[in-house]
Amino acid sequence: MYKLTEEEIENIVNKGAESLCDYCIESGIHHVITGSSGGLDSAVKLGFAQRAAQLAEKKDFNLTSVGLIMPCHSKPEAERLGRKAIRKFNAEEIYLDFTDLFEFAYQNVVSDNIQIKRILERTGGQQALKNWNWAKKIAQGNIKARLRMTFGTYHVARMMEGIVLSTDNLSEFWMAFWTLHGDVGDFGIIQNILKGLELYDIARFLDVPREIIDAKSDDGLDVSGGDENQLGADYSTIDQIMIKLIQAGFDPDGSANQLENLSEIGINCEPKIIYNLAKRCLSGSFKRKGSIVLSRQALGLTPIDKLKL
């Protein structure tokens with residue numbers, strides 16, 4: 001099975017830290033912000049940030065890593081591990097509790113919105129409401145993620161004139177397993193690193209606390225019983241299936257028609273799991289594409305360089 005060598009891991013870590021350091025120096029940025037959830041992704045980011053700060057110091061540039069603890073109906077264990085990662089990688093800590101803010105916003109503003117239900121019933125009947133309770137749990141998790149971004153990472157980054165480090169890895173990117181306008185950041189060190197096949201080895205190289213490496217992957221948004229429960233497979237399986245699918249010609253951002261004839265990919269896994277992961281990848285492609293902006297040509301407008309004033 002594919003596995004990074006020690007030399008490759010060291011090269012990845014050095015390049016990631018150097019890129020972050022150089023970017024901050026070139027842009028005059030002195031603070032990098034990480035939401036420290038207690039999970040593997042944020043711990044690895046803190047490890048990269050510490051090394052970037054050490055490189056910056058050698059270049060007589062002050063770069064400070066800042067870790068945010070942001071509970072919101074979170075498990076105490078997550079807070080403890082998040083703080084452990086911050087201390088391990090010598091980051092400054094900021095504590096912001098969003099529990100009361102979430103409860104106020106959800107109970108008094110959005111909650112179980114009857115207007116949404118009525119529209120769904122009118123446009124799609126009872127069939128449109130079959131996943132209502134699950135959709136509500138996902139929506140609640142999204143609100144928590146966006147609260148943390150709005151009042152947490154980006155607020156702190158603005159006050160410190162710093163940048164936010166992105167949380168997502170490549171496995172989550174393929175699965176669209178993140179919150180739009182919630183988990184994103186300004187600098188993505190691990191965006192193209194496979195979680196199942198690469199990130200754990202990088203974490204061990206960085207000396208991420210063993211407790212964090214061994215912990216069950218969980219988005220901390222209280223949606224279900226962990227990442228594997230939501231995704232239907234562990235990250236190593238997801239990585240292997242997606243790699244084989246792409247190598248067989250599967251386009252993660254292509255047509256849903258691809259599901260009708262998935263190629264034999266030589267993975268010892270239930271066909272249903274392969275199908276479900278491929279379907280999840282395709283149905284979430286709109287998140288990877290970002291906002292769609294129609295061109296003047298698509299709207300039938302005259303190109304700017306051809307306008308006659």
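1. Basis. In this predicted model, local features need pLDDT of at least 70 and side-chain atom pairs count only at pLDDT 80 or more, while totals for chains, interfaces and linings use all residues. Residues are numbered from 1 along each chain as its sequence is written, and side-chain values use heavy atoms, with hydrogens and water left out.

2. Sheet. Four strands form an open, parallel sheet in the order E3-E2-E1-E4. Strands are DSSP runs of E with at least two residues, and helices are runs of H or I with at least four, numbered from the N terminus; two strands pair if DSSP finds at least two bridges between them. Strands E3 (92-95) and E4 (163-164) each have a single partner strand, so one side of each is left without a neighbour in the sheet.

3. Ala-157. This residue of helix H6 (residues 132-160) is buried at 4% relative accessible area (buried: under 20%; exposed: over 50%; partly exposed: in between; 1.4 Å probe, protein chains only). Its C-alpha atom is separated by 9.6 Å from that of Thr-34, whose bridge partner in E2 is Gly-67.

4. Aromatic pairs. Rings of Phe, Tyr and Trp (its six-membered ring) pair if their centres lie within 6.5 Å; planes under 30 degrees apart count as stacked, over 60 as edge-to-face and the rest as tilted. Of the two pairs in the structure, Tyr-23 and Phe-187 form a tilted one, at 5.4 Å and 50°. Phe-173 and Trp-178 are stacked, with centres 5.5 Å apart and planes at 15°. Trp-178 is buried at 9% relative accessibility, whereas Phe-173 is partly exposed at 26%.
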